[in-house]
Amino acid sequence: FFREKEKSNLPLCKKNLLPPNMASIRLLELLRPAYSFLPEVQDLRTKLLFRDKVVWTGVTLFVYLICCQIPLYGVARASGADPFYWMRVILASNRGTLMELGISPIVTSGMVLQLLQGTRILDINMSVQHDKMLFK
């Protein structure tokens, strides 16, 4: 059954179950204008000075400490025992703050994008450099 399906000469829109008029419209191309608003990390052209590294480390630490004090909207602060009390003391965080989320939103969004690509809901060809650049 699967071999017959792979060998079929159906157009790409039939294989992905998209209507024929949607086959040429790709989600990554529709989102391309929004990419100009997203930050992008470029390769270093020169070596950073130690002083610059210390300044950026200080700025990052300051942002981290501020985010540890910003409460999450809709999270009720419980007055009961906190099992992560000592971890919060070490990390200078409070219960129910922005930093309590950690990196889970970033990891979850990456997993969702990979799932959409794997199920071919997002039409991305990783062998094409342009598609690979848009996906990253």
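Which residues make up the largest nonpolar core? In this predicted model, the answer is a set of five: Leu 28, Leu 122, Ile 124, Leu 134 and Phe 135. A nonpolar core is here a set of buried Ala, Val, Leu, Ile, Met, Phe, Trp, Tyr and Cys residues joined through side-chain atoms within 4.5 Å, and buried means under 20% relative accessible area, with a 1.4 Å probe and protein chains only. Local features need pLDDT of at least 70 and side-chain atom pairs count only at pLDDT 80 or more, whereas totals for chains, interfaces and linings use all residues. Residues are numbered from 1 along each chain as its sequence is written, and side-chain values use heavy atoms, leaving out hydrogens and water.

Ile 124, one of the core residues, touches Arg 26, Leu 28, Gln 117, Asp 131 and Phe 135, not counting residues up to four places away in sequence; contact means heavy atoms within 4.5 Å.

Next comes Asp 131, a residue of helix 7 (helices are DSSP runs of H or I, at least four residues, numbered from the N terminus). Asp 131 counts as buried because its relative accessibility is 5%. Its side chain reaches the backbone nitrogen of Asn 125 at 3.1 Å. With residues up to four places away in sequence left out, Asp 131 touches Arg 26, Leu 28, Ile 124 and Asn 125.

Helix 7 (129–135) and helix 3 (27–30) each supply at least two residues of the lining of the largest pocket (a pocket is an open set of points on a 1 Å grid over the protein atoms alone, where a 1.4 Å probe fits, with protein on both sides within 12 Å along at least five of seven lines; lining residues have an atom within 4 Å of a point). Helix 7 gives the largest share, five residues.

Key. Buried < 20%, exposed > 50% of the residue type's maximum accessible area, 1.4 Å probe, protein only. Polar contact = N/O pair within 3.5 Å; in protein donor to acceptor, adjacent residues only side chain to side chain.
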